[in-house]
Amino acid sequence: MGTTNDSQAFDLIVIGAGPGGYVAAIRAGQLGLKTALIEANERLGGTCLNVGCIPSKALLESSERYSALKDGLDEHGISVGSVALDLERLMSRKQGIVTELTSGIVGLMKKNKVTVFQGRGELLGAGRVAVPGVGDAAEEPARELRATSILIATGSAPVELPFLPFDGEFIVSSTEALAFDEVPKRLVVIGAGAVGLELGSVWSRLGAEVTVLEMLPQAVAFADKQIAKVLERSLKGQGLNLMLQTKVTGATVRENEIHVSYEDKRGEAGELACDKLLVAVGRRPYTAGLGLEAAGISLDEAGRVPVKVKEGFQTSAPGVYAIGDVIEGPMLAHKAEEEGIAVVERLAGLAGLVNHAVIPNVVYTHPEVASVGLTEEAAKAQGLEVAVGKFYFKANGRAKSMGETEGLAKVVADATSDRLLGVHIVGARASEMIAEAAMAMEFGGSAEDLARTCHAHPTLSEILKEAAMAVDNRAIHS
């Protein structure tokens with residue numbers, strides 16, 4: 001792929017420096033492509049690194065340790081004195097992790113000779129991208145970059161309910177909920193997906209009275225029904241008030257208090273008062289100001305950029321590609337990363353591929369939920385005959401020693417071929433355990449493959465082995 005001596009001409013321009021964009025830029029640099037990365041925000045890393053995946057996991061870890069010190073060590077024979085919460089220091093730790101990682105990305109850009117431009121990239125057509133200035137440079141003329149290929153990786157933004165606009169103080173998105181300066185006495189969360197349940201768990205552990213309102217009949221819509229029920233029961237046991245099949249109809253702020261009106265599954269109206277209202281009903285593709293029309297790209301009915309996955313995530317505009325949250329599929333950082341690498345490798349003449357059927361999904365509550373492939377319900381809906389194996393954490397020696405006996409692993413296999421169709425786990429460290437299942441499915445493995453693989457003892461991973469053995473009714477410890 002040729003380049004010129006013009007400093008504004010590139011082989012590849014990546015718009016958006018979230019996980020999909022910055023990873024694509026790094027891989028492009030590794031492959032010798034002259035690459036530009038455009039990002040509107042001062043910090044690289046996108047939502048995930050700055051106000052999403054990473055800071056939320058830092059808060060989850062801190063809040064779990066705080067909760068364990070307060071209530072969870074007696075059975076281990078460990079007594080502690082008075083436990084105090086220093087929220088300012090907790091938040092400082094979180095921000096320190098974010099700063100360290102975003103600074104690391106800057107270093108990776110330099111290492112891989114990626115040129116970074118701050119601004120909002122706008123497609124002009126014919127391989128051209130304008131980069132208007134932002135911040136102090138907002139009044140400066142827009143720079144124009146040119147490239148053989150352009151990759152859109154602009155991510156997504158929180159969905160705002162029409163009747164509940166964010167005000168940043170009372171009615172907030174996940175961004176504000178990651179940085180409260182004090183623990184709210186009462187927090188209402190709209191949405192029992194990953195974001196709502198994770199942040200609800202954080203503030204519940206730190207002392208808030210948390211109520212979660214969800215329209216659907218189960219929490220975590222993507223999850224296997226049995227897995228979701230275990231999670232719901234656990235969260236209720238931890239003190240979260242989980243109200244399913246409940247529709248929010250409005251909210252008003254009166255005297256520094258939010259009054260949330262709702263309709264329950266029986267059609268009866270009710271009202272909740274709270275200090276903070278977190279709206280976590282999903283995210284929308286971020287495509288504003290991208291100049292898609294000028295490039296000849298029309299959005300689909302969900303506001304996403306249509307792409308031809310088999311043609312390397314090509315959009316309707318020649319030489320323009322899109323990945324991550326702006327295209328169809330689950331809005332997951334690791335999905336965007338894999339897609340970004342695949343696009344770049346295809347551009348470099350390699351065989352870049354993404355197996356979208358084997359992308360794990362995780363909710364980092366306690367217990368964690370992790371899933372890959374089809375649920376039992378989805379497999380049956382496709383007309384597949386399935387064989388299912390289950391094994392419970394309570395029968396595992398390592399889980400007992402950890403005091404983490406809540407949960408199970410569930411293996412769904414084709415009843416005829418034994419090919420793995422899906423694996424679902426609720427329990428401690430499910431996010432780590434699911435990687436083995438994803439690997440097995442990536443290689444077209446069977447339940448027997450998992451069952452016959454020797455697992456170290458005692459480990460939680462044996463739970464997955466036993467669940468695979470149970471597909472053929474030969475689990476040892478149940």
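1. A surface patch, as the term is used here, is made of residues with over 30% relative accessible area and no salt bridge, with nonpolar side chains joined within 5 Å. In this structure, which is a predicted model, L69, I78 and V80 make a nonpolar surface patch of about 230 Å².

2. V80 counts as partly exposed because its relative accessibility is 41%.

3. Turning to the aromatic rings, the count comes to two aromatic pairs. One of them joins F10 and F117 in an edge-to-face arrangement, with 6.0 Å centre to centre and 85 degrees between the planes. Because F10 lies in strand 1 (residues 9-15) and F117 in strand 3 (residues 114-118), this pair ties together parts that are 107 residues apart in sequence. Both F10 and F117 are buried.

4. F180 and W203 also form an aromatic pair, here a tilted one, with 5.2 Å centre to centre and 45 degrees between the planes. F180 is in the loop between helix 5 (174-177) and strand 9 (186-190), while W203 is in helix 6 (residues 194-205), and the pair thus links distant parts of the chain, 23 residues apart. As for accessibility, F180 is buried, and W203 is buried too.

5. The ring of F10, already noted for its edge-to-face pair with F117, has the charged end of K34 sitting over it, 5.2 Å from the ring centre. Elsewhere, K394 lies over the face of Y392, at 5.7 Å from the ring centre.

Key
Residues numbered from 1 in each chain as written. Predicted model: local features only at pLDDT ≥ 70, side-chain atom pairs only at ≥ 80, totals over all residues. Heavy atoms only, no water. Patch = residues over 30% accessible without salt bridge, like charges linked within 9 Å, V, L, I, M, F, W, Y side chains within 5 Å. Areas by Shrake-Rupley, 256 points an atom, 1.4 Å probe, with all protein chains shown as cover. Salt bridge = Lys/Arg side-chain N within 4 Å of Asp/Glu carboxyl O. Buried < 20%, exposed > 50% of the residue type's maximum accessible area, 1.4 Å probe, protein only. Phe/Tyr/Trp six-rings, centres within 6.5 Å; stacked < 30°, edge-to-face > 60°. Helix = DSSP H or I, 4+ residues; strand = E, 2+ residues; numbered from the N terminus. Lys NZ or Arg CZ within 6 Å of the ring centre and 35° of its normal.
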